[in-house]
Amino acid sequence: MKTSWRHSRTVRTAAAGAAAAIGLSVGLFGAADAATAATASHAKTTPAAATARAAAPRYVVTDCGHAQVEPGTIVLACADYGLGLKGLHWTSWTPQLASASGTAWWKDCIPNCASGHILNGPVVVELYGSAAVKGHPGEYRYTRVTITYLGARPAVYVKNCSGKIVPTYPVTWNQSVN
């Protein structure tokens, strides 16, 4: 069966609209995206614009399993809330790299983590790497974070050449994002 370009475009546009409606009904988009979608449904848009919006992938960072776009806070140690980023001001949010400045917090664990203090320091943050988010078609999450400390830095305990555990205070810290 021969299909015309116009028929094919109409089918793609209808499929994209249906996919967006299904996504909204199961809560795949955040409140801001839902509000944007509701506003867009009342405005006159061209089929090409609707298809372009539906086809654009969404990049998120997970914060203890919750997907967010350009969040102000990211918890990096979910189990004990012992490491995180706050006051984030994003300068870039692209598929390749998201970057921001803000403040890191960490527990000093002195005398132990339960009774230690929370310390803060200014940082530059870079998110990178990409993985599809299961159950959320068209959504990708950043998989790695690099934190560059501009002031105070947390202690990272490593074994030195003599086998003794000693604190180091690295300028940068790389880790997986939850």
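By way of definition, Ala, Val, Leu, Ile, Met, Phe, Trp, Tyr, Cys and Pro count here as nonpolar, Asp, Glu, Lys and Arg as charged, and the others, Gly among them, as polar.

Colleagues, the model is a predicted one, in which local features need pLDDT of at least 70 and side-chain atom pairs count only at pLDDT 80 or more, while totals for chains, interfaces and linings use all residues. Residues are numbered from 1 along each chain as its sequence is written, and side-chain values use heavy atoms, with hydrogens and water left out.

I begin with the chain. It has three helices and 12 strands; helices (H or I, at least four residues) and strands (E, at least two) are DSSP runs, numbered from the N terminus. Of its 178 residues, 25% are buried, that is, under 20% relative accessible area with a 1.4 Å probe and protein chains only. Contact means heavy atoms within 4.5 Å, and among contacts with a separation of 6 or more, 44% are between residues 24 or more positions apart.

I turn to the sheets. Strands of a sheet pair through backbone hydrogen bonds, either parallel or antiparallel, and two strands are taken as paired if DSSP finds at least two bridges between them.

Six bridges then link β6 to β9, where Val123 faces Tyr149.

The other open sheet that I wish to show has four strands in the order β2-β1-β8-β7, and its pairing is mixed. Because β2 (66–68) and β7 (131–132) stand at the edges with a single partner strand each, one side of each is left without a neighbour in the sheet. Strands β1 (residues 58–63) and β8 (residues 139–141) run parallel and share three bridges; Tyr59 is partnered there by Tyr140.

There is also a hairpin, formed by β10 and β11 with five residues between them; Gly163 in the turn has a positive phi of about 90°. Four bridges pair β10 (residues 156–159) with β11 (residues 165–168) in the antiparallel sense, and Tyr157 has Pro167 as its partner in β11.

Which residues have the most contacts inside the largest nonpolar core? They are Leu85, Trp90, Trp93 and Leu127, in a core of 21 residues. β1, β4 (83–93), β5 (98–107), β6 (118–128) and β9 (144–149) each supply at least two of its residues, and the largest share, five residues, comes from β4. Such a core is a set of buried Ala, Val, Leu, Ile, Met, Phe, Trp, Tyr and Cys residues joined through side-chain atoms within 4.5 Å. Not counting residues up to four places away in sequence, Leu85 touches several residues, including Ile74, Trp105, Val123 and Ile147.

Finally, the second largest pocket. A pocket is an open set of points on a 1 Å grid over the protein atoms alone, where a 1.4 Å probe fits, with protein on both sides within 12 Å along at least five of seven lines; lining residues have an atom within 4 Å of a point. Of the 18 lining residues, the closest to the centre are Trp106, Lys107, Asp108, Pro154 and Ala155. The lining has 13 nonpolar, one polar and four charged residues, and β5 and β10 each supply at least two of its residues.

How values were computed:
Buried < 20%, exposed > 50% of the residue type's maximum accessible area, 1.4 Å probe, protein only.
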